Amino acid sequence: MGGKRPSPYTLRHTGISWRLLGGVPMFVVSRDAGHDSYDTTDKRYGHLDRAASAAAAQVIAGRSRD
C-alpha cells in the first residue's frame, strides 16, 4: 500500500471478502455486516461467493457416490 494507512471501509471490505472466500454463507456475512438486505451483500460481494458454491457442489457430488 506504499505506506498508506487503510481506511475503515477498506478494512471492512477486506474482512467481508475474506469471510466469503473462506466459505462463510453469504446470509451470515450479510447479517453480520448489518446490510439491510441479502441483495445488498450479493450485489457488492456476490462474485466472491462462487468459491463457496463450488465447494458446496463438491460436497454434494461426493455424497451422491455413497
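This briefing covers the fold, the surface and one serine of the chain. The model is predicted: local features need pLDDT of at least 70, side-chain atom pairs count only at pLDDT 80 or more, and totals for chains, interfaces and linings use all residues. Residues are numbered from 1 along each chain as its sequence is written, and side-chain values use heavy atoms, with hydrogens and water left out.

**Fold**
- The chain has four helices and zero strands, where helices (H or I, at least four residues) and strands (E, at least two) are DSSP runs numbered from the N terminus.
- The radius of gyration is 15 Å, well over the 11 Å that the globule rule gives for 66 residues, so the chain is more spread out than a compact globule. The radius is taken over C-alpha atoms, and the rule is 2.2 Å times the number of residues to the power 0.38.
- The C-alpha trace spans about 50 × 30 × 15 Å along its principal axes.

**Burial and surface**
- Of the 66 residues, 23% are buried (under 20% relative accessible area, 1.4 Å probe, protein chains only).

**Ser-17**
- Ser-17 sits in helix α1, residues 8-21.
- Its relative accessible area is 10%, so Ser-17 is buried.
- A polar atom of the Ser-17 side chain lies 2.8 Å from the backbone oxygen of His-13.
- Beyond neighbours within four places in sequence, Ser-17 is in contact with Tyr-45 and Leu-48 (heavy atoms within 4.5 Å).

Notes
Buried means under 20% relative accessible area, exposed over 50%, partly exposed in between (1.4 Å probe, protein chains only). A polar contact is a pair of N or O atoms within 3.5 Å; within protein, one must be able to donate a hydrogen and the other to accept it, and residues adjacent in sequence count only if both atoms are side-chain atoms.
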